[in-house]
Amino acid sequence: MELLEEPAEVLEEFAAGDLNAFESLFRQYQREVYGWIVRIVRDPAAAEDLTIETFWRIHRAHARFDPRCSFGAWARRIATNVAIDFLKSARVREVPLDPKLPAQPPSTWGGANPAIQREVRERAHLAFNQLPAKLRLVATLSLIEDVPHREIGEALNLSTAAVKSRLFRAIRMLRKKLANLDTSHD
């Protein structure tokens, strides 16, 4: 969230529970919070609901906000926690295939047979969604969304080294899950 921070008095009023200050911050950060969440959960409809949940949590936690700190960073942390809760929940049993996946995977993924290509994509997608939520979050932001490790660390309140460690573990788990993927059908 690269927006300029609100004036200190708005942040102080928000922390004191002023509804107008909250509404001002909501208007300024709603789009960025939604964008962050949709990058994590990969579902625009769910991201809309989670954005509302995030701002509900922000409103309830107003007294814990330190007006000397960045509201954007604080909002992103709360949005990340809401998204992680969603990823852990039973609501994420069947996640649709990622539209960014190529329609025709490389020929090494089952030759020219479209049925095998689809099966490989589905199995890879399933393996990705079976990652623990915290690893899936880091893998999604780093590998799919290309978010810098530093930015992921700020959102998760982790060091860059911890982000890299989680990403390494996620990749290792994916490799293990996909190692038995049989693409020798013809």
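**View 1. Eight aromatic residues gather into one cluster.** In this predicted model, Phe 14, Phe 22, Phe 26, Tyr 29, Phe 55, Phe 65, Phe 71 and Trp 74 come together as a single aromatic cluster. The structure as a whole holds 11 aromatic pairs. Look for Phe 26 and Phe 55: their ring centres are 4.8 Å apart and their planes meet at 80°, so this pair is edge-to-face. Phe 26 belongs to helix 2 (residues 19-41) and Phe 55 to helix 3 (residues 44-60), so the pair ties together parts that are 29 residues apart in sequence.

**View 2. An arginine lies over the face of a tryptophan ring.**

**View 3. Helix 1 has buried residues along one face.** Helix 1 covers residues 8-15, and its residues Val 10, Leu 11, Phe 14 and Ala 15 are buried. Viewed down the helix axis, the buried residues fall within an arc of 135°, so they line one face of helix 1. An α-helix has 3.6 residues a turn, so residues three or four places apart point the same way. What do the buried residues of helix 1 pack against? Their partners are helix 2, helix 3 and helix 4 (71-88). Just after helix 1 comes Gly 17, which takes a positive phi of about 100°.

**View 4. Thr 54 is a buried residue of helix 3.** You will find Thr 54 in helix 3, where its relative accessibility is 0%. Which residues does Thr 54 contact, leaving aside its neighbours within four places in sequence? They are Val 33, Ile 37, Ala 75, Ile 78, Ala 79 and Val 82.

**View 5. Thr 140 is a buried residue of helix 6.** Thr 140 is placed in helix 6 and counts as buried, with 2% relative accessibility. Setting aside neighbours within four places in sequence, Thr 140 is in contact with Arg 39, Ile 40, Arg 42, Phe 128 and Glu 145.

**View 6. The largest nonpolar core has 48 residues.** Which members of this core touch the most other members? They are Phe 14, Ile 40, Val 41, Ile 58, Phe 71 and Trp 74. Two or more residues of the core come from each of helix 1, helix 2, helix 3, helix 4, helix 5 (114-129), helix 6 (133-144), helix 7 (149-156) and helix 8 (160-178). Take Val 41 as an example: leaving aside its neighbours within four places in sequence, Val 41 is in contact with Ala 47, Leu 50, Ala 83, Phe 86 and Leu 87.

**View 7. Stepping back, the protein has eight helices and zero strands.** From the N terminus on, its elements run α-α-α-α-α-α-α-α. Of its 186 residues, 41% count as buried. Among contacts between residues at least 6 apart in sequence, 65% join residues at least 24 apart. The accessible surface of the protein comes to about 10,700 Å², with 53% of it belonging to carbon and sulfur atoms.

Note on methods. Residues numbered from 1 in each chain as written. Predicted model: local features only at pLDDT ≥ 70, side-chain atom pairs only at ≥ 80, totals over all residues. Heavy atoms only, no water. Phe/Tyr/Trp six-rings, centres within 6.5 Å; stacked < 30°, edge-to-face > 60°. Helix = DSSP H or I, 4+ residues; strand = E, 2+ residues; numbered from the N terminus. Lys NZ or Arg CZ within 6 Å of the ring centre and 35° of its normal. Buried < 20%, exposed > 50% of the residue type's maximum accessible area, 1.4 Å probe, protein only. Contact = heavy atoms within 4.5 Å. Areas by Shrake-Rupley, 256 points an atom, 1.4 Å probe, with all protein chains shown as cover. Arc of directions from axis to C-beta. Core = buried A, V, L, I, M, F, W, Y, C linked by side-chain atoms within 4.5 Å.
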